[in-house]
Amino acid sequence: MSDRLDRIYTRSGDKGTTGLANGKRIPKSHPRIETLGDVDELNSLIGLLIAELDPPHPLTALLSRLQNDLFDLGGELAIADPGYTVITLDKVTLLEKHLDELNTALPPLKEFILPGGSKAAATAHLARSVCRRAERRMVSLGGLEQETINPMGASYLNRLSDLLFVVARTLAREQGGQEIHWQPSPQETL
């Protein structure tokens, strides 16, 4: 394999623009770049979650696959070509399969759960919330005129956020923590 980058800095973004993989330059504040940044942040959080797990953990392979999928999704966003798609219905269906498998081992959800329970569970909850933001940005980007996205990307992020919620529940129980249930504030009477 040849080197892809012989140096890290290019100076080409110093004036507030960045290059897409298709060669087009757009402002760094463009909704496509915001979406790409959220997907990248999510990928980093999943990396942090993997680092929290004791190897060999049964979730490591799944989480690593998710990181690669997110990099593929970032590639779709960076190439910005409706003919280039990597995230497919099969990938969304596979997330549903993993979601169902993990959820089967958990007790039914009867209360709202707050982030926490263990450090790994809290990290999964943080990844879940960033995933929801990435999904919202993806949907917003798709609604812009002259912007095309693969609609499976938003579906993928939607299922992924659900999967990360179930991963958080799984890790909280597995690591000796407890799921933290929301305690609503009492209604004050006047």
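**Close-up views of a predicted model**

The count of salt bridges comes to 14, a salt bridge being a side-chain nitrogen of Lys or Arg within 4 Å of a carboxyl oxygen of Asp or Glu. This is a predicted model, in which local features need pLDDT of at least 70 and side-chain atom pairs count only at pLDDT 80 or more, while totals for chains, interfaces and linings use all residues. Residues are numbered from 1 along each chain as its sequence is written, and side-chain values use heavy atoms, with hydrogens and water left out.

**View A. The salt bridge of R32 and E147.** The side chains of R32 and E147 meet at 2.8 Å, N to O. R32 lies in helix 1 and E147 in the loop between helix 4 and helix 5, so this pair ties together parts that are 115 residues apart in sequence. Helices (H or I, at least four residues) and strands (E, at least two) are DSSP runs, numbered from the N terminus. Both R32 and E147 are buried; buried means under 20% relative accessible area, exposed over 50%, and partly exposed in between (1.4 Å probe, protein chains only).

**View B. The salt bridges of D38 with R133 and R137.** D38 in helix 1 pairs with R133 in helix 4, 95 residues apart, at 2.6 Å, N to O. D38 is buried, with a relative accessible area of 4%, whereas R133 is partly exposed at 25%. D38 also forms a salt bridge with R137, the closest N and O atoms being 2.7 Å apart. Salt bridges that share partners join E34, D38, E41, R133 and R137 into one network.

**View C. The largest nonpolar core.** A nonpolar core is a set of buried Ala, Val, Leu, Ile, Met, Phe, Trp, Tyr and Cys residues joined through side-chain atoms within 4.5 Å. Of the 40 residues in this core, L42, L66, L70, L160 and L163 touch the most other members. Two or more residues come from each of helix 1 (31-52), helix 2 (60-79), helix 3 (89-104), helix 4 (119-142) and helix 5 (151-174). Helix 5 gives the most, with 11 residues.

**View D. The aromatic pair of F112 and W182.** The count of aromatic pairs comes to 1. Rings of Phe, Tyr and Trp (its six-membered ring) pair if their centres lie within 6.5 Å; planes under 30 degrees apart count as stacked, over 60 as edge-to-face and the rest as tilted. The ring centres of F112 and W182 are 5.7 Å apart and their planes stand at 75 degrees, so the pair is edge-to-face. F112 is exposed, with a relative accessible area of 61%, and W182 is partly exposed at 42%.
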